[in-house]
Amino acid sequence: MKEHLDTAILFLEQWGWIPMLIVYIGVTITILIENRNPTKTISWVMVIVFIPFVGLILYYLFGQKFSKVKKMKRINQEQTLRLKKEFQRLEPLMLWSIRNIHDKIGDLSRVFSYLKNEKLSTPTLNNEVKLLVNGEQKFPLFLQSLEEAKHSIHMEYYIFDVDNIGMQVLDLLEKKAAEGVKVRLIVDSFGSPKLVRYMRKKKDSKIEFQPFLPVTFTSLANSNYRNHRKIAVIDGYTAYIGGINISDRYINPNEFGLYWRDTSVRIKGNAAAMFQISFWNSWNQTEGESFNLEDGYFKDTATVSEELSAVALASSDPGSIGPFNMEALLISIGEASERIQLCTPYYIPTEELATALKTAAAAGVEVELMIPEMGDSWIVQHACYSFIKPLLERGVKVYFYSKGFLHAKTAIIDGKIAYVGTVNLDFRSFYINYEVAAVISNKEFCKEMEEQFAIDKSNSVLITARDWKKRKAWKRGIDSLCRLFAPLL
């Protein structure tokens with residue numbers, strides 16, 4: 001027996017590289033024939049080549065296009081067909097709305113046409129929008145909206161902690177469900193594992209609860225796909241969206257000792273119907289019992305604002321035929337004539353986004369990008385740093401937010417159109433996660449967004465190309481090394 005074992009070990013020492021080489025060649029060919037984004041293809045090949053064995057494991061867990069994506073695409077196609085007649089019925093109204101929006105903001109209205117044509121969202125008017133800065137502004141109004149619910153509460157969150165604010169929300173949801181309000185709650189199983197365990201133990205709960213894409217040993221390779229959305233719809237009339245999860249961490253001051261800078265928005269009016277459809281689409285991808293949207297989940301609204309308040313919804317997921325959230329943003333960037341102001345906790349851009357920002361700056365548009373000075377991930381932060389130099393060289397102004405952790409995901413274009421949602425400026429948000437963003441055209445709202453951006457700039461450090469070039473060589477080397485993990489981040 002020992003002789004056979006010694007022989008096997010000797011064989012592996014001498015010839016073991018051959019099967020490994022075959023595996024490497026096979027995986028590389030697989031990546032190439034998937035016709036991915038070229039940048040992502042090269043990144044994965046480099047990870048596999050320069051991180052032997054571990055790179056293969058990472059690709060298996062995070063890089064493959066599994067059958068789950070095919071199922072997501074099939075579901076998207078089915079749901080698009082179910083909504084097709086409704087879009088056809090609303091076509092005249094949507095065209096009228098877009099003409100009204102165009103009269104206010106000119107060619108920036110093209111993004112609303114894009115969202116209509118892709119059947120992602122109807123452009124809606126008659127909405128009231130309220131900017132909510134940080135959890136301390138959001139949660140009091142949010143709890144009030146839940147308390148006032150009469151018909152239904154639909155919530156979909158990436159992180160829902162079982163902490164102080166989490167229990168306040170859960171207790172209120174149970175109370176409303178006991179009163180006869182239909183309460184449905186979706187949380188991402190990876191982002192909210194404690195709540196998933198809590199709800200499984202709570203047998204008497206009247207909340208219809210569903211974990212999204214449960215992570216098990218057999219589904220580990222599919223766990224890369226996460227539901228990163230954070231939305232709530234109350235009575236088909238009031239909606240919340242933004243970067244703020246249900247957690248004490250988002251309320252300042254907090255026990256963690258870290259100032260958390262985030263943005264959310266409350267929307268009342270016709271746009272709530274699109275949030276309702278977005279939730280319905282997500283619910284249909286869980287094990288939850290399906291429901292009919294016509295059963296009181298849409299609410300007709302009268303005019304709620306004298307100022308034009310146009311709102312549409314941009315959503316995307318791994319089964320989307322395109323990176324809709326990225327494309328919607330690119331349309332506005334391409335139409336910008338004065339200024340572009342972006343906030344993101346993670347800047348690991350696609351080639352398309354990086355080119356759009358550099359081109360806009362070179363064409364004379366003031367482009368400002370704000371990211372946190374200290375991120376919540378060492379690898380992600382250094383990967384972000386590797387993309388800063390080309391922006392500075394082309395005239396983009398880059399700010400490092402230093403007061404705390406900047407988690408807001410926003411964009412303001414020419415003071416006329418704003419994006420507020422869950423979308424980070426990175427590969428994961430554009431191609432892998434379930435994401436959503438509200439596209440808002442409202443003069444006063446955009447003015448408030450710009451004023452808040454100015455406040456945030458006062459708590460930031462402006463980075464210059466000269467200063468950036470002075471960074472030590474070993475730090476730049478770490479940036480470049482971490483950049484190899486861009487397709488994972």
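Reply: The model is a predicted one.

Me: What makes the span of helix α8 close to the expected one?
Reply: Helix α8 covers residues 164-178, which is 15 residues. From its first C-alpha to its last it reaches 21 Å, and 21 Å is expected at 1.5 Å a residue.

Me: What is found at the start of α8?
Reply: A side-chain oxygen of Asp 163 comes to within 3.0 Å of the backbone nitrogen of Gly 166. A polar contact needs a pair of N or O atoms within 3.5 Å.

Me: Which residues of α8 are buried, and what do they pack against?
Reply: The buried residues include Ile 165, Val 169, Leu 170, Leu 172 and Leu 173. Glu 174 and Lys 176 are also among them. The buried residues of α8 pack against α7 (134-147), β2 (152-157), β3 (182-188) and α9 (193-201).

Me: How many aromatic pairs does the structure hold?
Reply: It holds eleven.

Me: Why is the pair of Phe 212 and Tyr 434 called edge-to-face?
Reply: The ring centres are 4.9 Å apart, and rings pair if their centres lie within 6.5 Å. The planes stand at 75°, and planes over 60 degrees apart count as edge-to-face. The pair is therefore edge-to-face.

Me: Which parts does the pair of Phe 212 and Tyr 434 tie together?
Reply: Phe 212 is in strand β4 (residues 208-212), while Tyr 434 is in the loop between α15 (427-432) and β18 (435-441), so the pair ties together parts 222 residues apart in sequence. Both Phe 212 and Tyr 434 are buried.

Me: What is the geometry of the pair formed by Tyr 385 and Trp 468?
Reply: The pair is edge-to-face, at 5.6 Å centre to centre with 75° between the planes. Tyr 385 belongs to helix α13 (residues 378-385) and Trp 468 to helix α17 (residues 465-469), so this pair ties together parts 83 residues apart in sequence.

Me: Why does Tyr 385 count as buried, and why does Trp 468?
Reply: Buried means under 20% relative accessible area. Tyr 385 has 12% relative accessibility, so it counts as buried. Trp 468 has 11%, so Trp 468 counts as buried too.

Me: Which charged end sits over the ring of Tyr 237?
Reply: That of Lys 299, 4.9 Å from the ring centre. Arg 184 lies over the face of Trp 283, at 5.9 Å from the ring centre. The cut-off for this distance is within 6 Å.

Note on methods
Residues are numbered from 1 along each chain as its sequence is written. This is a predicted model: local features need pLDDT of at least 70, side-chain atom pairs count only at pLDDT 80 or more; totals for chains, interfaces and linings use all residues. Side-chain values use heavy atoms; hydrogens and water are left out. Helices (H or I, at least four residues) and strands (E, at least two) are DSSP runs, numbered from the N terminus. The expected span of a helix is 1.5 Å times one less than its number of residues. Buried means under 20% relative accessible area, exposed over 50%, partly exposed in between (1.4 Å probe, protein chains only). Contact means heavy atoms within 4.5 Å. A polar contact is a pair of N or O atoms within 3.5 Å; within protein, one must be able to donate a hydrogen and the other to accept it, and residues adjacent in sequence count only if both atoms are side-chain atoms. Rings of Phe, Tyr and Trp (its six-membered ring) pair if their centres lie within 6.5 Å; planes under 30 degrees apart count as stacked, over 60 as edge-to-face and the rest as tilted. A charge sits over a ring if NZ of Lys or CZ of Arg is within 6 Å of the ring centre and within 35 degrees of the ring normal.
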